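This report describes selected features of the structure shown below.

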Amino acid sequence: MGDLTGLLEGFSTALQPMYLLYALIGVLLGTAVGVLPGIGPAMTVALLLPLTYTLDATAAFIMFAGIYYGGMYGGSTTSILLNTPGESASIVTALEGNKMAKAGRGAAALATAAIGSFVAGTIATVALSLVAPTVARVAVQLGPADYVALAVLAFFTVAAMLGASPARGIASLALGLFIAVIGTDSLTGQQRFTLGLPTLADGIDVVIVAVGFFAVGEALHVASRLRRGPIPLVPISGKGMTRDDWKRSWKPWLRGTAIGFPIGTIPAGGADLGTFLSYATERKLSKRKEEFGHGAIEGVAGPEAANNASAAGVLVPLLTLGLPTSATAAIMLAAFQSYGIQPGPNLFAAEGELIWALIASLYIGNVLLLVLNLPLVGVWVKVLQLPRPYLYAGILTFAALGTYAVGASTEDLVLLFVLGGIGWAMRSYGFPIAPAIVGLILGPIAEEQMRRTLAISQGDPTALVTSPFAAVVYVLVVLALVGSQWLKRRQARLDAVVFAQAQRDEERLVPTGGTSAEGPSRKDHDSRGAR
Amino acid sequence: MTIVVGYVPKPEGRAALVAALEEADLRGEPLHVLNTSKGDAYSDPGYATEEDIAEVEALLEESGVPYELEHRLGDRAGGAADILEAVERLSASLVVIGIRRRTPTGKLLFGSDAQTVLLQAPCQVLAVKA
Amino acid sequence: MSAVQVPPGASPPSTAAARRHRLPVGELVVVVVLAGLGVFALVEAHTIAVPTSSNAVGPRAFPYAVGAVLVLSAVGLLVALLRGERGEVEGGEDVDTSGGADWAAVGKLTAAFAALVVLVEPLGWPIAASLMFGGAAWALGARPWWRALLVAVVLNTAVHVVFTRVLGVYLPAGPLEGVVGLG
């Protein structure tokens, strides 16, 4: 089956009314949950997973594609109107977009984000359709040692890129690997770390770990340090994009796409990096540097495009190598596995119909987002009026529901809460969650491939590095470790610049209040959560 | 004696403020403008922004009526409790609130601050329609 | 970066600096637990049975490696800790990082969740989950309690109907078994 035929067949599947409905539901739910500032795309995907349990695989993945793109998109609306990014990839959108909204150009900021996301999402999905089958054809030739090398690359980059220090990232990764080992060894049938408990004999369900770490952990974290107080919502104003706005936006859209897609495909910790690089690029190239920090439309257009392009880029290693490069991708891999599908080079051959339907629904999801989001902004604003107590009680309920639906077992619920406690502890002491999730899902794959390599080589460990591909990857690991520290410093520098700017703005504001009134005190707060 | 007015950045709130200003002028009493939020949601359309407050202050300054402005996060009980607390604290002679049409279901689910103030205020209540 | 209004009297962000001088008990506990987990992994890995017919690498190698990484990361963290590095509480839109943890709220939340675990089978999903949702919302500050419970009942009845009727997921109905639309 040719790639184009495959894609066309994918469209003929995804355009069936029933599947179109699933795509629509996915996009709406993904956006509605993604709009909420406390919930990132990984938690969105984990929480909405139970909805797909009883659907057939095609319907489930079409809905999933919608949730994924919708979740990525929802954050930009929030960051423009509230100045708090719903997900960490939207931080830079919050910088310029919120300033634009305050200057009465909210409609233009929302429009450039929406159209930019559509343009970038569509181009990146085209790139995905072209690149993925090719990568898969090359990847078929990879041996087990090469997969070990790729897994090691993912482990190190995810652990080093996310979180405050590499030690914390590696500790989190090791925790994920440990949880992955619990259960019955798939090759020899031996029980490992089960403490003789029958519940643990089958291992711990990945969904329970992800939901526990993300959702329950976040609920406990918020309960322990609940913030009160609304965030001033900027009303949507202005008339949308002017001719000048279009002229200033289209290049950043394309540049953002060009930056975001490749960044998404490499294990660099997800979409955050692409948005920061795009922002830095736009600032450098702009002829109106003085506008940056005060609502430059390029600073919304570029990063939003990069964000959505990298969302598509992440799917390339996920689908062709079975290699998740972000927590969201790891949870999606777990969803594939729950349908008995193992992403990898053979996926296009074995499950062509399903994968092309998934890719086709990404195109459809993009169109739905463009058509729906601008008219529905009012609805998303209403979602933000949900009181936090109800919101987090709801998150807890859905976490329990998803867990109970897996196996109707109250022991799983206890496990969920214990894992939530661990997630809370990790948040309290600055440990990133994502490496644990990546380790959890990639660990068993790495172990299996390592043992296969050594079985073939009859125990000679040099077999792990003698394959040319693997050797190149290990060199990349070293480069990535050095490079990630450099990129992190750059990002920190940009953060510092922006933070200083925000503080200067703060100082200009005089506290309101009459003679006897207590003026509300203000405090700067770094809203960048490592999700 | 003081007049307390519950302000929200909506038509009914502005109507209440205007009526309260007239009343304060007439009675020669100072005005206490109150705007609070429970602060439990990301966004609360009833909580005045900096711009709203500036607008209110301009209006108050222009009228020449002596006033106090209380703009803060309230306790978790919400709007009506904050108004009643202010009435008690200042032994107000009159409390002015703005009202709007509500569906019975809306009232059941979210309660009615206006109704609570009307029934529980120890002083006169002036309810102004937007 | 965002400006967020906080209630009057909230402590300024300088508490982070003050915290730096205190002994990081909580973080030390985390490091010890991490190291303990690593040691457990190393010791337990030794007891994993290895089939004699096994290939070059059996089921023990990977657990050994994981145990070693756990211990090493704990050592690395301890060194960083002694050098004065402190883990920062993860920030967020709903999180106030200036104060300490509110253990009472966490306790109430835990109790609400425990109620679900104990009650879901005897009382069924709609009742048990409503109690959990209501309790959790109340623990997080929703008032009055009856409104939280009302929202909980409406939401969980809807969830029950959608999941059991539309999606075909099994959820226990408990004593509501047989009630139209639920059982």
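A residue is called buried when its relative accessible area is under 20%, exposed when that area is over 50%, and partly exposed in between. By this criterion, 42% of the 183 residues of chain C count as buried. The model is a predicted one.

**Chain C**

Six helices and one strand make up the secondary structure of chain C. Along the sequence these elements follow the pattern β-α-α-α-α-α-α. Among the contacts in chain C with a separation of 6 or more, 53% are between residues 24 or more positions apart. The chain exposes about 8600 Å², and carbon and sulfur atoms supply 70% of that area.

**The sheet of chain B and its helices**

Chain B contains an open sheet of five strands, with parallel pairing and the order S3-S2-S1-S4-S5. Its edge strands are S3 (67–73) and S5 (124–129) of chain B, each of which pairs on one side only. On average, neighbouring strands of this sheet are turned by 20° against each other, direction ignored. The pairing of strand S4 (residues 94–99) of chain B with S5(B) is parallel and extends over six bridges. Within this pairing, Ile97(B) has Ala127(B), in S5(B), as its bridge partner.

Helix H1 (residues 11–27) of chain B packs on the sheet and touches strand S1 (3–6), strand S2 (31–37), S4 and S5 of chain B. The direction of H1(B) makes about 155° with that of S4(B). Helix H3 (residues 79–89) of chain B lies across S1, S2, S3 and S4 of chain B, and runs at about 150° to S2(B).

**A buried helix in chain A**

Helix H4 (residues 57–82) of chain A comprises 26 residues. From its first C-alpha to its last it reaches 37 Å, close to the 38 Å expected at 1.5 Å a residue. Because 25 of the 26 residues of H4(A) are buried, this helix is largely enclosed by the rest of the structure.

**Salt bridges**

Over all chains, the structure holds 21 salt bridges. Three of them are listed here.

| Salt bridge | N to O distance |
|---|---|
| Arg192(A) and Glu447(A) | 2.8 Å |
| Arg248(A) and Glu291(A) | 2.8 Å |
| Glu55(B) and Arg14(B) | 3.7 Å |

The salt bridge of Arg192(A) with Glu447(A) links distant parts of the chain: Arg192(A) is in strand S2 (residues 191–192) of chain A and Glu447(A) in helix H20 (residues 434–456) of chain A, 255 residues apart. Arg192(A) is buried, at a relative accessible area of 3%, and Glu447(A) is buried, at 6%.

In the salt bridge between Arg248(A) and Glu291(A), Arg248(A) belongs to helix H10 (residues 243–265) of chain A, whereas Glu291(A) is in the loop between helix H11 (272–285) and helix H12 (298–313) of chain A, 43 residues apart. Arg248(A) counts as buried at 10% relative accessibility, while Glu291(A) is partly exposed, with a relative accessible area of 24%.

In chain B, the salt bridge of Glu55(B) and Arg14(B) joins helix H2 (residues 50–63) to helix H1, its two residues being 41 residues apart. Glu55(B) counts as partly exposed at 44% relative accessibility, and Arg14(B) as partly exposed at 33%.

Salt bridges that share partners also join Asp244(A), Arg248(A), Arg288(A), Glu291(A) and Glu298(A) into one network.

How values were computed:
Residues are numbered from 1 along each chain as its sequence is written. Chains are lettered from A and ligands numbered from 1 in the order in which they are written. This is a predicted model: local features need pLDDT of at least 70, side-chain atom pairs count only at pLDDT 80 or more; totals for chains, interfaces and linings use all residues. Side-chain values use heavy atoms; hydrogens and water are left out. Two strands pair if DSSP finds at least two bridges between them. Helices (H or I, at least four residues) and strands (E, at least two) are DSSP runs, numbered from the N terminus. Axes are lines fitted to C-alpha atoms, for helices over the stretch in contact, and angles run from 0 to 180 degrees between N-to-C directions. Contact means heavy atoms within 4.5 Å. The expected span of a helix is 1.5 Å times one less than its number of residues. Buried means under 20% relative accessible area, exposed over 50%, partly exposed in between (1.4 Å probe, protein chains only). Accessible areas come from the Shrake-Rupley method with a 1.4 Å probe; for residues, only the protein chains shown count as cover. A salt bridge is a side-chain nitrogen of Lys or Arg within 4 Å of a carboxyl oxygen of Asp or Glu.
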